[in-house]
Amino acid sequence: MHCPYCRHTDTKVLDSRVSDDGSAIRRRRRCEACEKRFTTVELMQLTVLKRSGATEPFNREKAISGVRKACKGRPVSEDDLACLGQTVEDTLRTEGAAEIPAHEVGLAILGPLRALDPVAYLRFASVYKAFSSADDFEDEIALLRMEQAAASVVERSASPVERSASVVEQSSSVVERSRDHATQPDAVPTG
């Protein structure tokens, strides 16, 4: 390890800690020449096993380049794509395997992309899943609609609770007003 200050090659590890998720090791080091301290982070090298049998290191930018094409013309920012790339990499790292088949990378992309933009998801899925007819698109759209319907049912199920809480509040205020009215002496008309 070269010192980032003086480029000396002799450094001493002062402290090592494993990250909370276990995917990295943080090491605090001190240069033996200049005495300055610095931190290094060691990550497990993810390797992608391609269909041809060749392997290559996982490259987040390469993973989202296809997603970028699917998002062309859609309201998806570069920040959104960067977050998606981070999510995909985190998902692959949490699997704990050093070598990941290429199709697993595509599967890891599909979920976050579906949540990000359904149209971009359909574009990406059509290539990734090799859609061969309009029926494939219709099936995938039907799945998306079922997911959206399930999500709206969950949202609506919370609404009656909120509505009933509002009714209880209104009822209690009516009861309080009627109590106040009952305890006040009757107004006697003067005349």
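Residues are numbered from 1 along each chain as its sequence is written, and side-chain values rest on heavy atoms, with hydrogens and water left out. Because the model is predicted, local features require a pLDDT of at least 70 and side-chain atom pairs count only at pLDDT 80 or more, whereas totals for chains, interfaces and linings use all residues.

Secondary structure was assigned from DSSP runs, with helices (H or I) of at least four residues and strands (E) of at least two, numbered from the N terminus. Two strands are taken to pair if DSSP finds at least two bridges between them. Strand S2 (residues 24-31) and strand S3 (residues 37-43) run antiparallel and are joined by 7 bridges. Within this pairing, Arg30 has Arg37 of S3 as its bridge partner. The two strands form a hairpin with 5 residues between them, and Glu35 in the turn adopts a positive phi of about 70 degrees.

A further set of strands forms an open sheet of 3 strands in the order S5-S4-S6, with mixed pairing. Strand S5 (55-57) and strand S6 (99-101) are the edge strands, each pairing on one side only. From one strand to the next, the twist averages 35 degrees; axes are lines fitted to C-alpha atoms (for helices, over the stretch in contact), and angles run from 0 to 180 degrees between N-to-C directions. Strand S4 (residues 47-49) pairs with S6 in the parallel sense over 3 bridges. In this pairing, Val48 stands opposite Ile100 in S6.

A nonpolar core is defined as a set of buried Ala, Val, Leu, Ile, Met, Phe, Trp, Tyr and Cys residues joined through side-chain atoms within 4.5 Å. Burial is expressed by relative accessible area (buried under 20%, exposed over 50%, partly exposed in between; 1.4 Å probe, protein chains only). The largest such core has 26 residues, and those with the most contacts inside it are Val67, Leu92, Val105, Ile109 and Leu113. Two or more residues each are contributed by helix H1 (60-70), helix H2 (78-94), helix H3 (102-116) and helix H4 (118-128). In soluble globular proteins, nonpolar side chains tend to be buried together.

Contacts (heavy atoms within 4.5 Å) were examined for individual residues. With neighbours within four places in sequence left aside, Ile109 is in contact with Ala63, Val67, Leu84, Val88 and Phe124. Phe124 lies in helix H4 and is buried, with a relative accessible area of 13%. Not counting residues up to four places away in sequence, Phe124 touches Gly66, Val67, Ala70, Gly106, Ile109, Leu110 and Leu113. The C-alpha atoms of Phe124 and Lys69 are separated by 8.3 Å, although these residues are 55 apart along the chain.

Besides Phe124, the buried residues of H4 are Ala120, Tyr121, Leu122, Ala125 and Ser126. At the start of this helix, a side-chain oxygen of Asp117 reaches to within 3.2 Å of the backbone nitrogen of Val119. Glu140 counts as buried because its relative accessibility is 8%. Its contacts, leaving aside neighbours within four places in sequence, are Tyr121, Leu122, Lys129 and Phe131.

Most residues other than glycine have a negative phi. Among the residues that take a positive value, Ala130 has a phi near 55 degrees and is placed in the loop between H4 and H5. Ala130 is exposed, with a relative accessible area of 55%. Arg7, which is not a glycine, has a positive phi of about 65 degrees and is found in the segment before strand S1 (11-18). Arg7 is likewise exposed, at a relative accessible area of 54%.

Finally, a search of the whole structure finds 0 disulfides, a disulfide being a pair of cysteine sulfur atoms within 2.5 Å. The sulfur of Cys3 lies 3.7 Å from the closest cysteine sulfur, in Cys34, and is therefore too far away for a bond. Cys3 is buried at 0% relative accessibility, and Cys71 is buried with a relative accessible area of 5%.

Methods. Polar contact = N/O pair within 3.5 Å; in protein donor to acceptor, adjacent residues only side chain to side chain.
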